[in-house]
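Let's take a friendly walk through the links that hold parts of a protein chain together. Please look over the sequence and the model below, then read on.

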Amino acid sequence: MIASFSLLLSSVALSFASPLGPIEVRTVAALNTAAFEEAQQRDATATRAFSGIEIITSTGQCLFINELSGDFRANLNPIQVGACDGSQGQLWDVITKGKHNDQAGTMLLVNTLTQACMNFDPRRAAGNTVIMFSCGGRADGGGAVTNSQLFTFAGGAGPLALQPKNAAGTCLTVTSGNVLDQAPCNTGDAKQAFTFSGGGVASAPVSNTALSVSSISVAAAVVAPTSSPPAVAQCNSVTTVFVTRAASSAGPSNTAATSSATSSLSSPAVSAIAGEVIIKSDTSNPSTPVPVSGAGGTLKPSSAAEANKRDDTATRAFTGVSLKAANGQCLFINPTAGDFRQNLVPVNLQPCTGSLNEKFDLITAGIHNNTPNTTLVVSSLMQGCISFDPRRADPTKVQVFSCGGRGDGSGQVSNSQQFPFGGGNSILLAPLNSNGQTCLISNATPNPPILDQGACNGNADQLFTIAQ
């Protein structure tokens with residue numbers, strides 16, 4: 001049964017600030033590991049509408065927590081607002097059903113760093129009413145359901161208001177001190193609007209309009225599609241020389257037909273543009289904790305292995321191939337450029353060398369792809385999928401993320417990771433969740449260059465050659 005107030009705590013034991021006194025600033029040097037693990041237990045049985053997402057304010061900043069800003073159990077932490085950096089303290093799960101949520105049309109907001117729930121306690125001092133607390137509302141983790149942690153949720157990524165169920169007419173808002181607090185709900189107040197971004201991307205509806213292609217000539221044999229692929233941009237009068245791939249021993253391959261290549265990557269690597277940064281190549285995926293640059297902190301190989309599992313049951317049209325852009329450079333993955341789970345990794349373009357960083361599998365059927373005439377583009381190095389999330393800030397909309405679209409690897413199928421593909425030796429990277437409006441293209445403005453989004457124009461310079 002839901003208690004109208006969740007935190008039935010001793011003011012002495014947990015040092016609650018008096019509503020009439022100054023806001024207490026809490027910091028601890030370290031958590032009590034045993035007490036923390038007991039109080040903040042992950043609900044593995046829960047239904048998650050989104051997993052590992054950022055909660056973005058109307059100004060483009062992220063909600064985050066510092067695990068040492070509360071007590072020894074990681075309770076009472078304030079929710080702060082700062083620049084988005086992909087760190088784990090900025091990542092959240094949206095739970096719509098589970099041990100601590102039995103109410104339809106509601107959600108829990110659980111921080112992935114501590115597994116504590118966002119909590120609204122109107123008894124606390126102004127500026128300190130919104131805190132993190134053990135899900136269920138008891139400090140030791142023994143609580144069941146409390147409406148101080150349930151927020152109205154009708155689905156979707158927003159923008160939406162965060163309205164706690166224990167206070168009708170109250171919404172969470174960003175204060176001038178860059179923390180989350182309460183205010184009367186005001187639909188016109190941008191400080192009360194939040195958007196879910198990244199992580200478990202909800203699949204968007206896809207148009208059934210067939211691809212319109214005319215007068216495409218090739219210099220190598222292609223595999224005829226069994227039916228019209230899903231919608232992508234219209235292509236007219238394109239002449240392209242395609243490179244085919246020989247059979248690979250790197251893993252199972254189900255390529256229906258190939259022909260001898262008219263060119264290959266055994267030719268000299270494309271020279272780097274003057275001043276362009278060249279990323280060091282890897283001979284294997286890191287298996288020990290190493291610093292990661294995308295979100296700060298350290299790679300956790302066990303977490304990365306769980307989040308990015310190889311689908312050995314999948315149908316692979318190609319295994320261990322390079323994707324070569326019209327400018328002669330190849331897509332390239334740096335396994336230490338993301339977060340601790342090897343998510344949120346940018347896709348770079350580098351001179352083609354045949355390194356493991358530039359190798360991909362094209363998966364046309366499997367655990368994470370159930371749509372005919374589409375493919376996933378999976379890093380052979382990390383096993384993550386190239387993903388397009390239009391909700392992220394430029395230029396971070398194109399990244400490698402756990403196949404299936406959930407940060408912990410538990411996702412099934414996400415059309416943010418599916419691209420039309422009916423066979424052949426080239427591919428137009430037009431993600432299904434863009435309904436044929438967006439193609440992934442080279443952006444040379446950052447250094448090193450990255451794979452970014454652009455409007456599909458039907459020109460050959462947006463095609464990528466599939467090469468060994």
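Predicted model: local features only at pLDDT ≥ 70, side-chain atom pairs only at ≥ 80, totals over all residues.

Helices (H or I, at least four residues) and strands (E, at least two) are DSSP runs, numbered from the N terminus. Residues are numbered from 1 along each chain as its sequence is written, and side-chain values use heavy atoms, with hydrogens and water left out.

**A residue to start with**

- Thr175 is partly exposed, with a relative accessible area of 23%; buried means under 20% relative accessible area, exposed over 50%, and partly exposed in between (1.4 Å probe, protein chains only).
- The C-alpha atoms of Thr175 and Gly127 are separated by 8.0 Å, and these residues are 48 residues apart along the chain.

**Disulfides: the overall picture**

- A disulfide is a covalent bond between the sulfur atoms of two cysteines.
- How many disulfides does the count come to? Taking a disulfide as a pair of cysteine sulfur atoms within 2.5 Å, the count is six.
- If you number the bonded cysteines along the chain, the pattern reads 1-2, 3-4, 5-6, 7-8, 9-10, 11-12.

**The disulfide of Cys62 and Cys84**

- Cys62 is joined to Cys84 by a disulfide, with an S to S distance of 2.1 Å.
- The torsion about the S-S bond of Cys62 and Cys84 is about 100°, so this disulfide is right-handed.
- Cys62 lies in strand S2 (residues 62–64) and Cys84 in the loop between strand S4 (80–82) and strand S5 (92–97), so the bond ties together parts that are 22 residues apart in sequence.
- Are these two cysteines buried or exposed? Cys62 is buried, at a relative accessible area of 0%, whereas Cys84 is partly exposed, at 34%.

**The disulfide of Cys117 and Cys135**

- Another disulfide joins Cys117 to Cys135, S to S 2.0 Å.
- The link of Cys117 and Cys135 is right-handed, with 95° about the S-S bond.
- Because Cys117 sits in strand S7 (residues 117–120) and Cys135 in the loop between strand S8 (130–133) and strand S9 (151–152), the pair ties together parts that are 18 residues apart in sequence.
- Cys117 is buried, with a relative accessible area of 0%, and Cys135 counts as buried too, at 7% relative accessibility.

**The disulfide of Cys171 and Cys185**

- The sulfur atoms of Cys171 and Cys185 are 2.0 Å apart and form a disulfide.
- About the S-S bond of Cys171 and Cys185 the torsion is about 95°, so the disulfide is right-handed.
- This pair links distant parts of the chain, 14 residues apart: Cys171 is in strand S10 (residues 170–174), and Cys185 is in the loop between strand S11 (180–184) and strand S12 (194–197).
- Cys171 counts as buried at 2% relative accessibility, while Cys185 is partly exposed with a relative accessible area of 33%.

**Salt bridges**

- Side chains of opposite charge can pair when their charged atoms come close.
- How many salt bridges does a search of the whole structure find? The search finds nine, where a salt bridge is a side-chain nitrogen of Lys or Arg within 4 Å of a carboxyl oxygen of Asp or Glu.
- One of them brings together the side chains of Arg392 and Glu54 (3.0 Å, N to O).
- Arg392 is in the loop between strand S22 (385–388) and strand S23 (398–401) and Glu54 is in strand S1 (residues 47–57), so distant parts of the chain, 338 residues apart, are linked by the pair.- Arg392 is buried, with a relative accessible area of 11%, and Glu54 is buried as well, at 3%.
- Asp361 pairs with Arg316 in a salt bridge whose closest N and O atoms are 2.9 Å apart.
- This pair too links distant parts of the chain, 45 residues apart, with Asp361 in strand S20 (residues 360–365) and Arg316 in strand S17 (residues 315–324).
- Asp361 counts as buried at 3% relative accessibility, and Arg316 is buried with a relative accessible area of 0%.
- Asp189 forms a salt bridge with Lys191, and their closest N and O atoms are 3.3 Å apart.
- Asp189 counts as buried at 19% relative accessibility, whereas Lys191 is partly exposed, with a relative accessible area of 43%.
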